[in-house]
Amino acid sequence: MTATIIAGTGSYVPDRVLTNADLERMVDTSDEWITARTGIRERRIAADDQATSDLAAAAARRALEAAGMAPEEVELVLVATATPDMFFPATACLVQTAIGATNAAAFDLSAACSGFIYGLNVADAYIRSGTYRNVLLIGAETMSRVTDWTDRSTCVLFGDGAGAVVLKAAPGDSRAGAPGILHSRIHSDGAAWDYICVPGGGSRLPPSNDLVEKRLQYLQMRGNETFKVAVRNMERAARAVLDAAGGIKPQDLALVVPHQANMRILNAVAERLELSEGQMFVNLQSYGNTSAASVPLALDEAVRGGRVHSGDLVLFLAFGSGLTWGAALLRWA
Ligand code: UT7
C-alpha cells in the first residue's frame, strides 16, 4: 500500500500591501463595507516585473527546503493557476527551469480557486498508482492582472500570492490509520460558467481594441449567486469526503483549511458543519482571495505557526470558477 503525504510546505507573497484605505482612494468604497461584507483588510500585489511563475518558484523553493528534497528529485511539477504567465508554455515549465527540477514533467491545471484541491486529487492518483513518488504541487496567482481596478464589486476581493506542497509516496494505508490523503473529491458544473469568468482575451473573444474598451479582459463575477452556491457546495463536499472516510465527524478534525474567499462564506460553512471556534484556519484578512494560492498559502501559515501535528486530521475545502469545487481529507505525517 502506498499513501500520499505532505512532506513540506512553502509560500510566498509579494511585498506590496494594498489596504482597504488605499482602495477608498481608488473606487467608491469604504473600509467598513469591505470589512463587514468580506473580512478582508489588506491584500498583496505583485511588482510590475513579477509574474505568476516568479511567485510560484519562490513558494516552491521554500516547500522543497521544508521537505529536505533536492529539485532534481521532483518527478512532476503541477501548477494550479487561473493567471498563467502566458497561454503557453505552461507556467509549470517556467517554474521547473527556475527551480532546477530538471528531471520533472510539468503541466498546469486550470480549476480556478479549486485548483489546489484538484491538484491534490491528481497528484494522489499518480502517487497511489506508482507513476510518481515525488510531486511538487503549487497554487499561484497574480489576480491583480485580471482585476478591473475601476469595478468596486470585484477589485476589493482579490490578491496575489503562491503556496506549495511537496507530496511524497509513503508506505502504509491512509484509510487504515497511516498518514496521508484518505479521500479527495472534485466536482464541476460548467452550466454556471458565467458566475465568475474573464470573458475576453481567449479564443472566444481574441484581444482587440473593442474588447479592451469594453474591459472584457478583466474578471467578472455574479457575487451574490456565487456566494450561495459556494456555501452549499463546500458543505456537501466536506460531508462527502468525511462519509467516504468511514463516518469521520467534522468535530474530529484538527483543522479545516478552506479557500479564503469571504469571511461570511467561511462562517456559514463552519456553522453548517457545526465546527467549534478556531477549528477553521482563516488568513483572508491579510491576503484577500488569492484563488488557487489561498489553500496552500493558508496551510503553510498554519504549519509554520504550529497549528498542525502528526496524526491530525486536516480537511481542505475549495470552491471557484467553472464552477468547480472539492474537498480533500488528510492525516498529517
Ligand atoms: O473565489 C470564489 C468565488 N468568489 C466568491 O466566493 C465571492 C462570493 N461573493 C461574495 O463574496 C459577495 O457576494 C460580495 C462580497 C462580492 C458582495 O457582497 P454582497 O453582500 O453579496 O453584496 P451585493 O453584491 O448584494 O451588493 C450590496 C450593495 C450593492 O448596492 P445596492 O445595489 O444595494 O445599492 C452594491 O452596489 O453593495 C454595493 N457594493 C459596494 N459598496 C461599497 C458592491 N461592492 C461594493 C464596495 N463598496 N466595494
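Buried here means under 20% relative accessible area, and exposed means over 50%. The model is predicted.

## Gln96 in helix α4

Gln96 sits in helix α4, which runs over residues 91-99. Its relative accessibility is 18%. That value falls under the 20% cut-off, so Gln96 counts as buried.

Which residues does Gln96 touch, leaving aside those up to four places away in sequence? They are Val77, Ala101, Thr102, Ala104 and Ala106. Of these, Val77 falls within the residue range of strand β4, 76-80.

Strand β6 spans residues 134-142. It is mostly covered, with 9 of its 9 residues buried. Both faces are covered. One side carries Asn134, Leu136, Ile138, Ala140 and Thr142. The other carries Val135, Leu137, Gly139 and Glu141.

β6 pairs with strand β4 in the parallel sense, over 5 bridges. Within this pairing, Leu78 stands opposite Leu137 of β6. β6 also pairs with strand β7, residues 160-171. Here the sense is antiparallel, and the bridges number 9. Ala140 stands opposite Ala162 in β7.

## Two cis peptide bonds

The peptide bond from Phe88 to Pro89 is cis. Its omega is near 5°. Pro89 lies in the loop between β4 and α4.

What kind of peptide bond joins Gly322 and Leu323? This bond is cis as well, with omega about -10°. Leu323 has its place in the loop between β12 (313-320) and β13 (324-331).

Glu274 has a phi near 55°, a positive value in a residue other than glycine. Glu274 lies in the loop between α9 (263-272) and α10 (284-287). Is Glu274 buried or exposed? Its relative accessible area is 59%. That is over the 50% cut-off, so Glu274 is exposed.

Ser291 also has a positive phi, near 55°, and is likewise a residue other than glycine. Ser291 is found in the loop between α10 and α11 (294-304). Its relative accessibility is 1%. Ser291 therefore counts as buried, whereas Glu274 is exposed.

Methods:
Residues numbered from 1 in each chain as written. Predicted model: local features only at pLDDT ≥ 70, side-chain atom pairs only at ≥ 80, totals over all residues. Heavy atoms only, no water. Buried < 20%, exposed > 50% of the residue type's maximum accessible area, 1.4 Å probe, protein only. Helix = DSSP H or I, 4+ residues; strand = E, 2+ residues; numbered from the N terminus. Pairing = 2+ DSSP bridges. Contact = heavy atoms within 4.5 Å.
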